Amino acid sequence: MTADNTTPTYVLRYFDIIGLAETSRMLLTAAKAEWTEEHPEWPQEKPNQPFGHLPVLVEKSGAEDEEDFVLSESGSIERYLARKFNFVPTDNKQMARHEQLRDQHLDAIIAFFAQLSLVDEAKKEKREDFDAMLDKVIEIHTSLIRKNDDCGYLFGEELTFADMSAYAFYKLLVMYAVTFEADVAPFVKDKITPEVLHLLRTVESDPLLHEHVEKKGSFVAHILTE
Ligand SMILES: N[C@@H](CCC(=O)N[C@@H](CS)C(=O)NCC(=O)O)C(=O)O
């Protein structure tokens, strides 16, 4: 898609980390949107963000007299992009089925970060919460892949928001969360089922994400070699 004066272009503001922006990066890339990423100086730029944090998506309409559309909150950004670029079904119930997975992923991520600063019994308890949530996520993905005739996507035969969110979820835990607690990477990798590995491979080899994988490297290769 080439931008003309009616095609929106996008700026995704975030830190130069996987964090909470990977799914949006994937959505923008898979949509073949014209977009760039900004890494604002922090904390100097904090007061200039609508909600005081990142990510922030700026959509520039291309029309001269139209204001930019500025959106905060990673979940809202992802849903907006997924709907706009048809990576979720239009049926409300089906759409909700896709979107609920994203919320489950985030809960597990929050649970991981919540236990980092704790010690002793409190840490053990919260770490167990994370472990149980991770097991549940993997169980759900595994079951969806099996139900979907093992074609490698969570739903149907094409790449969707749910697939990208799942891929970004595992990538965040194995390649980013590991910088906070080294054992999380082998811990997660050991739990990954053949079905989940199939999902990761399918997402990564989808032609729509070719550019993303070229730029960021292969997560699957990272899982298999490290
Ligand atoms: N609920 C928000 C959380 C955003 C958030 O906490 N962002 C962090 C980076 S992952 C941030 O901006 N930290 C810097 C700060 O708050 O000053 C979302 O999902 O976007």
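Begin by selecting residues 8-89, which an unreviewed UniProt entry marks as "domain: GST N-terminal"; UniProt positions follow the numbering used here, feature names are shortened, and such annotations may be inferred rather than shown by experiment. The model is predicted, and for that reason local features are reported at pLDDT of at least 70 and side-chain atom pairs count only at pLDDT 80 or more, while totals for chains, interfaces and linings use all residues. Residues are numbered from 1 along each chain as its sequence is written.

Next, colour the strands: four of them form an open sheet of mixed pairing, in the order β2-β1-β3-β4, where two strands pair if DSSP finds at least two bridges between them. β2 and β4 stand at the edges with a single partner strand each, so one side of each is left without a neighbour in the sheet. Neighbouring strands are turned by 20 degrees against each other on average, direction ignored, the axes being lines fitted to C-alpha atoms (for helices over the stretch in contact) and angles running from 0 to 180 degrees between N-to-C directions.

Now show β3 and β4, which pair in the antiparallel sense over four bridges, and find E59, which stands opposite F69 in β4. Also in β4 is V70, which is partly exposed because 14 other C-beta atoms lie within 10 Å; on this scale a residue is buried with 20 or more other C-beta atoms within 10 Å of its own, exposed with 12 or fewer, and partly exposed in between, C-beta atoms being placed from the backbone. Neighbours within four places in sequence aside, V70 is in contact with P50, V56 and V58, contact meaning that the C-beta atoms, placed from the backbone, lie within 7 Å. V70 and K60 are ten residues apart in sequence, and their C-alpha atoms are 8.8 Å apart in space.

**The ligand and its shell**

Select the ligand, which is surrounded by G19, L20, P43, K46, H53, L54, P55, E73, S74 and G75, each having its C-beta atom, placed from the backbone, within 6 Å. This shell divides into four nonpolar, four polar and two charged residues, with Ala, Val, Leu, Ile, Met, Phe, Trp, Tyr, Cys and Pro counted as nonpolar, Asp, Glu, Lys and Arg as charged, and the others, Gly among them, as polar.

**Backbone details to inspect**

Most residues other than glycine have a negative phi, and most peptide bonds are trans. Against that background, display the cis peptide bond between W42 and P43, with omega about 10 degrees; P43 lies in the loop between β2 (34-38) and β3 (56-60). P55 is found in the loop between β2 and β3 as well, and a cis peptide bond with omega about 10 degrees joins L54 to P55.

Move on to E73, in the loop between β4 (69-72) and α2 (74-84), where phi is positive at about 75 degrees although the residue is not a glycine. E73 counts as partly exposed because 16 C-beta neighbours lie inside 10 Å.

Finish at N86, in the loop between α2 and α3 (92-115), another residue that is not a glycine and has a positive phi, about 60 degrees. N86 counts as exposed, with 12 C-beta neighbours inside 10 Å.

Notes:
Helices (H or I, at least four residues) and strands (E, at least two) are DSSP runs, numbered from the N terminus. Two residues are in contact if their C-beta atoms, placed from the backbone, lie within 7 Å.
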